[in-house]
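Me: I am new to this structure and would like to learn how to read it. Could we go through it feature by feature?

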Amino acid sequence: MFNTRRSIRKYKDKQIEKGKIDLIIENTLFSPTSKNRRPWEFIVVKDKDSIDSISKVRAMGSAFLKGAPCVILVIGDPTTSEVWIEDTSIAAYAIQLAAHEQGLGTCWVQIRLREHDGDLTASDYLKEKFGIPGHMEVACAIGIGYPDEEKAPHELTEELLSKVHYENY
Ligand SMILES: Cc1cc2nc3c(=O)[nH]c(=O)nc-3n(C[C@H](O)[C@H](O)[C@H](O)COP(=O)(O)O)c2cc1C
């Protein structure tokens, strides 16, 4: 069930098997996209120094990535599809679900519409560091690793169920 997927920001000091990363990527590549345009690209980052630089992408909300053995950058191409945001978001969640299925924890770090500092957007900071073409945008970074924290599964509360309407609002 999806309720056991929680945002995990603390990871064991243990590398992720290559086969598991491959499975995550392969499953993500089957994500639905508008008009099947697949306006995304991914960078799988395992190098410690590179991950360290990603963890500094924002003043707040990204520092925990420093302890992740793997970070996947999810990049969208606005010139390929006007709904690249939807497509990259679906792919990012696919990464999270595929990782969860293999006992790995993940957490999304928002990049799009976020600042690195007063001068640079978070996306431009990463584009410069990772050689990403100028017309593309980094949507988010997903930290992945073996969980080193426990979180209770989500519960199907009345409040949550009240979000759902049948036939009319
Ligand atoms: C679009 C989006 C942006 C997020 N941005 C961040 C972020 O920048 N840093 C962070 O630590 N968590 C981030 N999160 C994780 C959320 O805080 C988390 O999903 C939410 O609190 C619900 O908790 P859960 O994932 O354990 O269900 C983001 C999640 C989403 C979907």
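Reply: We can begin with a single residue. This is a predicted model, and in it Ser81 is found in the loop between E2 and helix H3 (84-101).

Me: Is Ser81 buried or exposed?

Reply: Ser81 has a relative accessible area of 2%, so Ser81 is buried.

Me: What does Ser81 touch, not counting residues up to four places away in sequence?

Reply: On that count Ser81 touches Arg37, Pro39 and Asp87.

Me: Next, helices. How should I read the buried residues of a helix?

Reply: Start from the geometry. An α-helix has 3.6 residues a turn, so residues three or four places apart point the same way. Then look at H4, where Ala122, Ser123, Tyr125, Leu126, Lys127 and Phe130 are buried.

Me: What covers the buried residues of H4?

Reply: The cover includes strand E1 (40-45), H2, E2 and E4.

Me: Which residue follows H4, and what is its phi?

Reply: Gly131 follows H4, and its phi is positive, near 65 degrees. Further on, Gly134 is in the loop between helix H4 (122-130) and strand E4 (137-145). Gly134 counts as exposed because its relative accessibility is 60%. The C-alpha atoms of Gly134 and Asp77 are separated by 9.8 Å, and these two are 57 residues apart along the chain.

Me: How do I judge a positive phi when the residue is not a glycine?

Reply: Most residues other than glycine have a negative phi. Here Lys35 has a positive value, near 55 degrees. Lys35 is in the loop between helix H1 (18-28) and E1, and at 60% relative accessibility Lys35 counts as exposed. Glu167 also has a positive phi, of about 70 degrees, although it is not a glycine.

Me: Where is Glu167?

Reply: Glu167 lies in the segment after helix H5 (158-161). With 78% relative accessibility, Glu167 counts as exposed.

Me: How do I read a nonpolar core, and how many residues has the largest one here?

Reply: Look for buried nonpolar residues joined through their side chains. The largest such core has 23 residues, and those with the most contacts inside it are Ile54, Val71, Ile111, Leu126 and Ala141. At least two residues of this core come from each of helix H2 (48-55), strand E2 (70-76), strand E3 (105-110), H4 and E4. H4 gives the largest share, four residues.

Me: Which residues are in contact with Ala141, leaving aside its neighbours within four places in sequence?

Reply: Ala141 is in contact with Ile54, Leu65, Val71, Ile72, Leu73, Cys107, Trp108, Val109 and Ile111. There is also a second, separate core of 19 residues, which includes Ile21, Trp40, Ala92 and Ala99.

Me: How many disulfides are there, and how is that decided?

Reply: The test is the distance between two cysteine sulfur atoms, which must be within 2.5 Å. The count here is zero. The sulfur of Cys107 has its closest cysteine sulfur in Cys140, and at 10 Å that is too far for a bond. Cys107 is buried, with 2% relative accessibility. Cys140 is buried as well, with a relative accessible area of 1%.

Me: Where is Gln96, and is Gln96 buried or exposed?

Reply: Gln96 is in helix H3. Its relative accessible area is 5%, so Gln96 is buried. Leaving aside neighbours within four places in sequence, Gln96 is in contact with Arg5, Thr106, Cys107, Trp108 and Ile142.

Me: Last, the ligand. Which residues surround the ligand?

Reply: Residues around the ligand include Arg5, Arg6, Ser7, Arg9, Cys107, Trp108 and His154. For polar contacts, compare the distances between N or O atoms. A side-chain N or O atom of Arg6 is 2.7 Å from an oxygen atom of the ligand. The side chain of Arg58 likewise has an N or O atom 2.7 Å from a ligand oxygen atom. In Gly61, a backbone N or O atom lies 2.9 Å from a nitrogen atom of the ligand.

Me: What share of the ligand does the protein bury?

Reply: Taken alone the ligand exposes 630 Å², and the protein buries 61% of that.

Key. Residues numbered from 1 in each chain as written. Predicted model: local features only at pLDDT ≥ 70, side-chain atom pairs only at ≥ 80, totals over all residues. Heavy atoms only, no water. Buried < 20%, exposed > 50% of the residue type's maximum accessible area, 1.4 Å probe, protein only. Core = buried A, V, L, I, M, F, W, Y, C linked by side-chain atoms within 4.5 Å. Contact = heavy atoms within 4.5 Å. Near = heavy atom within 4 Å. Polar contact = N/O pair within 3.5 Å; in protein donor to acceptor, adjacent residues only side chain to side chain. Areas by Shrake-Rupley, 256 points an atom, 1.4 Å probe, with all protein chains shown as cover.
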